Amino acid sequence: MASKAKTSAKKFTRQEVLEDYRLAFRSREASLVGRREVLSGKAKFGIFGDGKELAQIAMAKAFRKGDFRSGYYRDQTFMFAIGEHELSEFFAQLYAHPELDAEPATAGRAMNAHFATRSLDAEGNWVNLMKQGNTSSDVSPTASQMPRLVGLAYASRLYRELDDLKQFKQFSKNGNEVAFGTIGNASCAEGMFWEAVNAVGVLQGPLVLSIWDDDYGISVPNEYQLTRDLTEMLSGFQRSEGGDDGYDIYTVKGWDYPALIEAYENAAAIARKDHVPAILHISELTQPQGHSTSGSHERYKSAERLQWEEEFDCLVKFREWVVAEELASAKELDEIEEGIKIDVEGVRAAAWEAYKAPIREEAQTLADILDEVASSSQHAAELEEIKSALLGNPNLLRNDIMVVYRRVMVKLHDESLPGKQVLIDWKKAQDAANRERYSSHLRTNSADSVPANSAKYSDSSPTLKGFEIVNRGFDAILARDPRVVAFGEDLGYLGDVNQGFAGMQEKYGALRVSDTGIRETTIVGQAIGLALRGLRPIAEIQYLDYLLYALQILSDDLANLHWRTRGGQKAPAIIRTRGHRLEGIWHSGSPMAAALHLLRGMLILVPRNMVQAVGFYNTVLAADEPALIVEVLSGYRLKERLPDNIGEFTVPVGVPEVVRLGADVTVVTYGPLVRIATEAAEVLSSLGVEPEIIDVQSLLPFDTNALILESLKKTNRILFLDEDVPGGTTAYMMQQVLEGQGGYRWLDSEPRTLSAKEHRPAYGTDGNYWSKPNTEEIIYTIYDLMHESNPGKYPRFF
Ligand SMILES: Cc1ncc(C[n+]2csc(CCOP(=O)(O)OP(=O)(O)O)c2C)c(N)n1
Ligand SMILES: [Mg+2]
């Protein structure tokens, strides 16, 4: 259905066209002024939407309240057009103004042109998403806006097709919402782009995806990016006349105002009504100021190309069209332009002042304190000099003020003055305010306050295999909460490779419990998008080893979402996987440190058995935070007792469990090694050594009440044990306990770690034995620790 719409200009009213002209020109002016602000040193970096204005105005006309955008840094005009981004906010973000009222997208945490609307109120509760145009928070890595589009679009299908979801009116009206995606041409060379396009094609969610094609990705032209023209490459996704699954694909020139408007109207109407996705390849776009403030495009674009860009600049073409259609004269347009230039400059100046004024006030407060201190200091003259420099600094930033503070305190270090305490208190207040400005909202912390409710057993509690326990848990979860949907490879019909979801698709339907393609990145993206729209996805990554495919998007998008919007958005997606020891290189890794390092902002939970796993699912679903839950692969066949309250009991996060009491050495571990360490402890017990074994079970957050420290105070010896690489998660746990909890004070022996080898685990039982910590190694390591402390009592025997 590739179409080039031909629409008569008669359809347009002068008023509408001039409003669009004003909007386009104002946005362009913002780009021009924005670049100047960077080049003159007022802002650090700038990337703008010049050259892409017209298509975005057309896209905005098709966008409705309740819809979602997931796009990238070129979209300022669209954001202005839908009324979700003010020009003052545009400049505030450029300056990195760190207050929400001025910069509500990221509160100065992200660089300019990273758009976001607020889905949460000040208390962290959902607002009514149907009353606003929604933009999921932008990220810089190219194409990383694509995975979540899978879920943003698919959510509409779920809301339309699942009756139990009709009650959630603040998120959807019968699934009529469209997900609008935008991406640059060069970013279409990324794997995520194709994976997401394919996934949405399979799922048939209402996606309207725009590709802004300006022929370049920074300096690299399309011939080095793409095998062919994008329309041609994408043509295989075109649905047939017969209406099979697929896309409607449109190609429209980025300067053709009537054609753009018609294409977006068509695409969005069909997507909204019939849930047929569309791709709009917007070609012949330009980038008048070059890619960003980091360089100039004259260095890599030919003279002919630059000449063409001037002629085909969408604003130039729009102006020609407006005049040719006699909707306004050139003179009228000139006047409009002049007025806008003055308006933009006014907004800019006010935004700059709003950003600078509080900083100046803070400097003045410090200066006043310095005056006070100077009156009794022998360094009065130097303090006066420092103060004048402070107040005279035209480019003053908060870090400059802190440098001044340090210079003052160094000067005064050997003076005992009453005013010093005022200075110290002032700094404490500054530190607290800046911690809040830059470090707040990493998590919602809601999981920490889920009420404790322990597993209950009775004489009639049956003993089942581990997979049957999780299966009962998921059954209870799906029954009680219609917002929960579970999906992954082999999870639907088969009920997952270990049968945790066996029978659930039959019972709850193929939309609640579904199979996906082999596409880990967009399985996670599907979860992010669904969670952004109020659902509670459990997305399965089949094995922990394959988490690596999804780690980038988990890290760049999900884990830092709440932080980078300063509490404006949350996506409480649960990523379920299984791992640690089984067989061979790609089925028994335990790359937990990789996850720990990259996923700060998520809960990382490592239940030792299936009862604990279900308890964690219950906890996390009672909270609103994203979580990674890693089940123990070797635990599905082991028998456990089924709690009577399987659907209700919770396992608290951040609380380790002492699974074996002992007075001699504290063993800090998690996952499958809890069981193996317990076996080792029985042998050690026969040698007169009593290890205390602690199951950390929650790596993020980690032992929030310092329970491990209490054990260490008793044993004065500690071993950190796991299946990760040396210096991986064991090092993290050691840092948490010895530094974080101050455990170093209680050590009588050197702290030890025991982990897997540096290489990937080798295949077979022997390969596993020599790759991962085994019972013998644990026994020898702990005994060795005891031998060192008391060789007489613990003679070496190995
Ligand atoms: C994963 C990743 N690689 C590289 C970059 C650096 N980078 C930023 S924008 C860009 C070019 C993108 O070009 P295109 O998708 O055509 O968008 P345009 O800027 O032309 O609108 C590159 C390479 C990045 N942000 N992310
Ligand atoms: Mg480009």
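1. A polar contact here is a pair of N or O atoms within 3.5 Å; within protein, one must be able to donate a hydrogen and the other to accept it, and residues adjacent in sequence count only if both atoms are side-chain atoms. With that in hand, an oxygen atom of ligand 1 sits 2.9 Å from a polar backbone atom of Ala 186. For Ser 187, a side-chain N or O atom is 2.5 Å from an oxygen atom of ligand 1.

2. Some housekeeping. This is a predicted model, with local features needing pLDDT of at least 70 and side-chain atom pairs counting only at pLDDT 80 or more, while totals for chains, interfaces and linings use all residues. Residues are numbered from 1 along each chain as its sequence is written, chains are lettered from A and ligands numbered from 1 in the order written, and side-chain values use heavy atoms, with hydrogens and water left out.

3. Now the metal. The magnesium ion (ligand 2) has Asn 185 (OD1), Asp 214 (OD) and Tyr 216 (O) as protein donors, at 2.0 to 2.1 Å. Donors are N, O and S atoms within 2.8 Å of the metal (3.2 Å for Na, K and Ca), and water is not among the atoms, so sites may look incomplete. The donor spacing in sequence is N-x28-D-x1-Y. Asn 185 is in the loop between strand E3 (179-184) and helix H6 (191-203), and Asp 214 in the loop between strand E4 (207-212) and strand E5 (216-217), so the pair ties together parts 29 residues apart in sequence. Helices (H or I, at least four residues) and strands (E, at least two) are DSSP runs, numbered from the N terminus.

4. The largest pocket comes to about 540 Å³. On a 1 Å grid over the protein atoms alone, a pocket is an open set of points with protein on both sides within 12 Å along at least five of seven lines, and lining residues have an atom within 4 Å of a point. Of its 25 lining residues, Lys 44, Tyr 95, Ala 96, Tyr 355 and Leu 397 lie nearest the centre. H12 gives the most to this lining, with 4 residues. By class, the lining of the largest pocket has 13 nonpolar, 7 polar and 5 charged residues.

5. Two backbone spots to look at. Ala 96 has a phi near 70°, a positive value in a residue other than glycine, and lies in the loop between H4 and strand E2 (134-135). Leu 700 and Pro 701 are joined by a cis peptide bond, with omega about 0°.

Note on methods: 1 Å grid on protein atoms, 1.4 Å probe; cavity = no way out; pocket = protein on both sides within 12 Å on 5 of 7 lines; lining within 4 Å. Points joined across faces, edges and corners; volume = space filled by probe spheres on them. Nonpolar A, V, L, I, M, F, W, Y, C, P; charged D, E, K, R; others polar.
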